[in-house]
Amino acid sequence: MNTRRPVAAALAVAGYVVMLVPILFVVVTAFTAGSTLRFPPEGLSTRWFEEALGYEPFLTALVSSLQLAALATALALLIGVPVAVAIHRGRIPGKGLVEGLFLSPLIVPELVVGLALYQQLMIGFGLDSLTALTLGHTALMIPYAVRVTGASLALADPHVEEAARGLGASPLRTFATVTLPLLRPGIFSAALLSFVTSFNNVPLSLLLQTREFRTLPVTMLDYVQQSYDPMVAAMATLILAGTVVLAVLAERTVGFAKIFGGINR
Amino acid sequence: MTSAAEFVGVSQKFGDFTAVDDLSLTIAEGRLTTLLGPSGCGKTTSLRMLAGYSRPTAGTIRIAGRDCTRVPPERRDLGMVFQSYALFPHMTVADNVGYGLKLRRVAKEERRRRVMETLELVGLAHLAGNRPKKLSGGQQQRVALARAIAIRPKLLLLDEPLSNLDARLRVQMRAEIRRIQAETGLTVVLVTHDQDEALEMSDDMVLMRAGRVMQQGPPREVFPAPANRFVAEFLGYENFLADAEGRTLTVRPENLRVAAGAADADAPAGPGGLLLRGTVAHIAYRGADLLVTVDATDDTGAAVRLLCDVRGGAAEGLSPGGEVTVDAREGALVRLPD
Amino acid sequence: MHSRKSALLLVPGLAFLLVGFLVPTLLMLFSPPGTGAAEVFARLGRMLTDPYDLRIIWRTVRLGLIVTALCVGLGFPIAYLLARSTSRWAGVLLALAIFPLLLSNVVRTFGWLVILGANGAVGQALVATGLVDRAPQLLYTELAIVLGLTQLFLPLAVISCYSAVAQVDPGLDEAARGLGAGRVRTFWSVVVPLSSPGIVVAATLVFAGAVTAYTTPYLLGGSGQRMLATQLYAYSSVTVDWASASATALVMTVLVFLVSGLSSAFGRKGATA
């Protein structure tokens, strides 16, 4: 950081402290040997990791969350990529309006959508938890698929697809051999973002939980409310480790900043 | 001359905008035809309709005698080179060139042979395994050309193929495209806004403006006899003046001669048919020549500003504000049809 | 894809959006089970006059504004320094600022429990210095919520500002300096105005996020410092008061739509000015 801009540098340092230091505290606490959330930690041990990995509700919820995130991501891409193609390559009237409609789930508060699905679909229609969660998460992830893959379509030279047609490829063949390979980085970014967002989601999932199907973040929230031991810190540290792996993977493949470039208008 | 393609009364409207207006045109077999004009004249739209990327709002397009107006691009068997080259970034050079052959189910060995043969024709056989991104602009252009001709198309269509190259390479590629055409015997349609390119490369040139044909014919017929003021201006006839009867005359700057001193008022015009007195307004030094701007009065008494391209030695005695006499080289003065 | 057939590609998406989002949301807002739109609006009217409800709405808006100011105030300098830095560490620092966006809100917020809790770092440190005898109540306060929400949304502010500042030609900074403007003056008269669209985007995203966040006020505010989101949850899950839940949801939704509308109006004005 630049020492010739002391005010800006001081504010920036404060910003990094607020963003990152709490995460460090989670990690440090996870390795405590004591049995309460206390700082400084009492001794060093990995006992809370063992506890967390042996705690049945966390493990069940972890599997549920992974399932839900994978399902919602796959569905959102399956639905969202054709929409992006139609918007950027097709001839449809009112493109701006159509795009706005598909991005609208981003504007309505997630908790509000969660309440709506809970009240109307689960109570009203007797839908089970997994179906309601899948519907909600997919609807929420569609904007990511549309916008991120749309961004890489907007950047690609549309003449490339015309060239394929001119060389004798049918529209379907052109999509499979040219459009789809060009979209690969966009699809990868969208998949990563969707998966992570779905996996971490609380507000949308909150009301759609049942005893039979619970997601990990909500299970952890409930646990924090009931007991004050460092097991959640250990679980949180494990999630952090997983996220770091995913982030490194993202950086190696498409580049970190690019992934967020698409979603941020 | 048999026709390789024909436009019959073709129009293209985008909303209120008419891009191409009742175009009728014949592309002669085995020749290189250029569509020439400023941006927005409808030349690229015409090419895209010929290739099938855009369907005309009226009229018929025939390729090799068959009505193709409603045939999609993949069933027209044409080779197109895009201005942006539009190479498939995820394929090697060889796979780009072989793409059309693969779609035509050419067997693997035969495909390989034809890809290499075509790459040799454009001088890029040594780069077959590279990705397009690693290639220079000129090389990418050759790959695009190879990809288009590998399928042995009925027509080769080139949309401003040289506009993204630097000046020297552009001049090289003009000759290169002519050589490839001669070797393959292909009928070529080339779109350009560059009159030098069109003059140098064309067998036939078609000058367009606002979706209509302004003049067409071989360069050697069109250049010395522009049919109207637009064509004249576009081909570099900078000077327009009226003769005693009020008819429009035009002459190129390099065909005007400037001499210091005013000629006698009743001196007869020379063999060039022009003799005007004026004063030098401005002299621009351009290295090999000077561009002299002269304010004069034409035979109707109207003020005209003449641009005269003067070679080194002939500029002696010229200075801004000085009186001069301007005359034209023999046969250089063109009378535009009314 | 040069035919109207491309509209067919939208059909599955539209169907999904209707069933999984639009229809349930509209029904919930305006026609919750057992009651109707009239009841929801009556409840909404009472909510806007009732001191208890008003306090929650006001707290939500107030904390939202404070968090927005903090995020822009801290995020813009980070974005500015990173965008103008030639150091090879700038990329790493940018990645560090973006990374938290991938990390679970529960994980990120949990850290504050360790810092602000009864036996937490700040309390213990204060006691150790002898300034206080007992650790002060830090958790379940508005301060805790503000810290938590700032941590949560600061990365969003950083990337929004970064993409805006990165587009401002550094040559303009140099031009201003060359014309005699100092570093500070250049910053305020060139960099800030030219990146204002990014600042508006950042402020909008942060505010909309802060007034609808659930995890942070739940973990750090508890039941004493309710915000709209935690209140909405209580109405839907604890008291099952559908009319109140819908009215609260309406307030939240309108609040978000209002700032989004204002922000895009500003964007349009900026584009035509």
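UniProt positions here are in the numbering used for this model, feature names are shortened, and annotations may be inferred rather than shown by experiment. With that said, the unreviewed UniProt entry for chain A lists "domain: ABC transmembrane type-1" at residues 62-250.

Some housekeeping. This is a predicted model, where local features need pLDDT of at least 70 and side-chain atom pairs count only at pLDDT 80 or more, while totals for chains, interfaces and linings use all residues. Residues are numbered from 1 along each chain as its sequence is written, and chains are lettered from A and ligands numbered from 1 in the order in which they are written.

OK, chain A. We get twelve helices and zero strands, taking helices (H or I, at least four residues) and strands (E, at least two) as DSSP runs numbered from the N terminus. The C-alpha trace spans about 70 × 60 × 30 Å along its principal axes. Of the 265 residues in chain A, 53% are buried, meaning that 20 or more other C-beta atoms lie within 10 Å of the residue's own; exposed is 12 or fewer, partly exposed is in between, and C-beta atoms are placed from the backbone.

Is A:Glu42 buried or exposed? It counts as exposed, because it has 12 C-beta neighbours inside 10 Å. You'll find A:Glu42 in the loop between helix H1 (6-30) and helix H2 (47-54) of chain A. Leaving out residues up to four places away in sequence, A:Glu42 touches A:Thr32, A:Ala33 and A:Gly34; a contact means C-beta atoms, placed from the backbone, within 7 Å.

Now chain B, and the strands. Two strands pair if DSSP finds at least two bridges between them. Chain B has an open sheet of four strands, in the order S2-S1-S4-S5, with antiparallel pairing. Strands S2 (17-28) and S5 (66-67) of chain B are at the edges with a single partner strand each, so one side of each has no neighbour in the sheet. S4(B), residues 58-63, is joined to S5(B) by two bridges, and B:Arg62 has B:Asp67 as its bridge partner. Helix H1 of chain B (residues 43-51) packs on this sheet, touching S1 (3-14), S2 and S4, and its direction makes about 115° with that of S1(B). For those angles, axes are lines fitted to C-alpha atoms, for helices over the stretch in contact, and angles run from 0 to 180 degrees between N-to-C directions.

Further along there are hairpins. S14(B), residues 275-285, runs antiparallel to S15(B), residues 289-297, with seven bridges. Three residues sit between S14(B) and S15(B), and B:Gly287 in the turn has a positive phi of about 85°. Then nine bridges join S15(B) to S16(B), residues 303-311, where B:Val294 has B:Leu306 as bridge partner. That hairpin has five residues between the strands, and B:Gly301 takes a positive phi near 90°.

Last stop, the interface: 16 residues of chain B are in contact with 14 residues of chain A. The largest share of chain B's side, three residues, comes from H2(B).

Definitions and conventions:
Two residues are in contact if their C-beta atoms, placed from the backbone, lie within 7 Å.
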